[in-house]
Amino acid sequence: MAEHTSSSITIEAAPADVMEVIADFDRYPEWSGEVKEADVLTKDDQGRAEKVRMLLDAGAIKDDYTLEYTWTGDNQVSWSLVKSQMLRSLDGSYLLAPVDSGKRTEVTYQLTVDVKIPMLGMIKRKAEKVIIDRALAGLKKRVESAA
């Protein structure tokens with residue numbers, strides 16, 4: 001199994017408010033710096049995104065890819081790569097844990113990235129860490145500014 005990178009952050013909002021922002025793919029370009037476009041292609045029977053096409057511009061990595069999402073209860077979502085030009089895999093998840101009786105939320109983001117071009121494992125882990133840190137900071141800012 002491939003190595004993954006993981007990081008957590010605490011957001012001053014209830015888990016439902018955090019998940020609402022995570023699930024609103026149309027607005028990702030507003031708060032997630034690397035995602036320039038996000039289009040929901042299919043939804044599950046509960047109206048949640050199942051397949052999402054994204055246009056990524058993360059400096060050295062520019063790509064047009066599709067992810068498939070799996071929703072587990074109200075506090076976890078995971079995804080895996082369906083198709084991409086540059087990526088071999090892009091698997092990740094958000095796990096939300098209520099803190100202070102649900103007034104705050106600890107968000108853990110786990111990510112595994114593999115690119116089609118040769119790259120040292122150390123450099124891949126660094127790239128994963130940068131992606132995670134930026135995403136968590138953007139998510140925190142977005143959720144807390146809406147609260």
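Which residues lie nearest the centre of the largest cavity? The points below start there.

1. **The largest cavity.** This is a predicted model. Ser32, Val35, Tyr65, Tyr109 and Ile131 lie nearest the centre of the largest cavity. Its lining counts 24 residues. The elements that give two or more residues to this lining are helix H2 (28–31), strand E3 (49–58), strand E4 (61–72), strand E5 (76–83), strand E6 (87–99), strand E7 (104–115) and helix H3. The largest share comes from E4, with 4 residues.

2. The space in the largest cavity is about 350 Å³. The structure holds 2 cavities of 30 Å³ or more. By residue type, the lining of the largest cavity divides into 22 nonpolar, 1 polar and 1 charged.

3. **The largest pocket.** Its volume is about 190 Å³. The lining of this pocket has 10 residues. Asp17, Glu20, Val21, Arg142 and Ala146 lie nearest the centre. Two elements are listed as giving two or more residues to the lining: helix H1 (15–23) and helix H3 (121–146).

4. **Confidence.** The protein has a mean pLDDT of 89. A value of 70 or more is reached by 90% of its residues. Which element has the lowest confidence, and which the highest? H3 is lowest, at a mean of 81. E5 is highest, at 97. As a rule, where pLDDT is low, the predicted coordinates should not be read in detail.

5. **Serine 7.** This residue sits in strand E1 (residues 5–11). Is serine 7 buried or exposed? Serine 7 counts as buried because its relative accessibility is 15%, and the cut-off for buried is under 20%. Beyond its neighbours within four places in sequence, serine 7 is in contact with Val107, Thr108, Tyr109, Lys129, Ile132, Asp133 and Leu136. One of these contacts, Tyr109, is also among the residues nearest the centre of the largest cavity.

6. **Aromatic pairs: tyrosine 69 and tryptophan 79.** The structure holds 8 aromatic pairs. In one of them, tyrosine 69 and tryptophan 79 are tilted, at 5.8 Å centre to centre with 45° between the planes. Tyrosine 69 belongs to strand E4 and tryptophan 79 to strand E5, so this pair ties together parts that are 10 residues apart in sequence. Tyrosine 69 is buried, at 8% relative accessible area. Tryptophan 79 also counts as buried, at 8% relative accessibility.

7. **Aromatic pairs: tyrosine 94 and tyrosine 109.** Tyrosine 94 and tyrosine 109 form a tilted pair, at 4.6 Å centre to centre and 45° between the planes. What does this pair tie together? Tyrosine 94 lies in strand E6 and tyrosine 109 in strand E7, so the pair joins parts that are 15 residues apart in sequence. Tyrosine 94 and tyrosine 109 are both buried.

8. **The ring cluster.** Which residues do ring pairs link into a cluster? They are Phe25, Tyr28, Trp31, Tyr69, Trp71, Trp79, Tyr94 and Tyr109.

Note on methods:
Residues numbered from 1 in each chain as written. Predicted model: local features only at pLDDT ≥ 70, side-chain atom pairs only at ≥ 80, totals over all residues. Heavy atoms only, no water. 1 Å grid on protein atoms, 1.4 Å probe; cavity = no way out; pocket = protein on both sides within 12 Å on 5 of 7 lines; lining within 4 Å. Points joined across faces, edges and corners; volume = space filled by probe spheres on them. Nonpolar A, V, L, I, M, F, W, Y, C, P; charged D, E, K, R; others polar. pLDDT = per-residue confidence, 0-100. Buried < 20%, exposed > 50% of the residue type's maximum accessible area, 1.4 Å probe, protein only. Contact = heavy atoms within 4.5 Å. Phe/Tyr/Trp six-rings, centres within 6.5 Å; stacked < 30°, edge-to-face > 60°.
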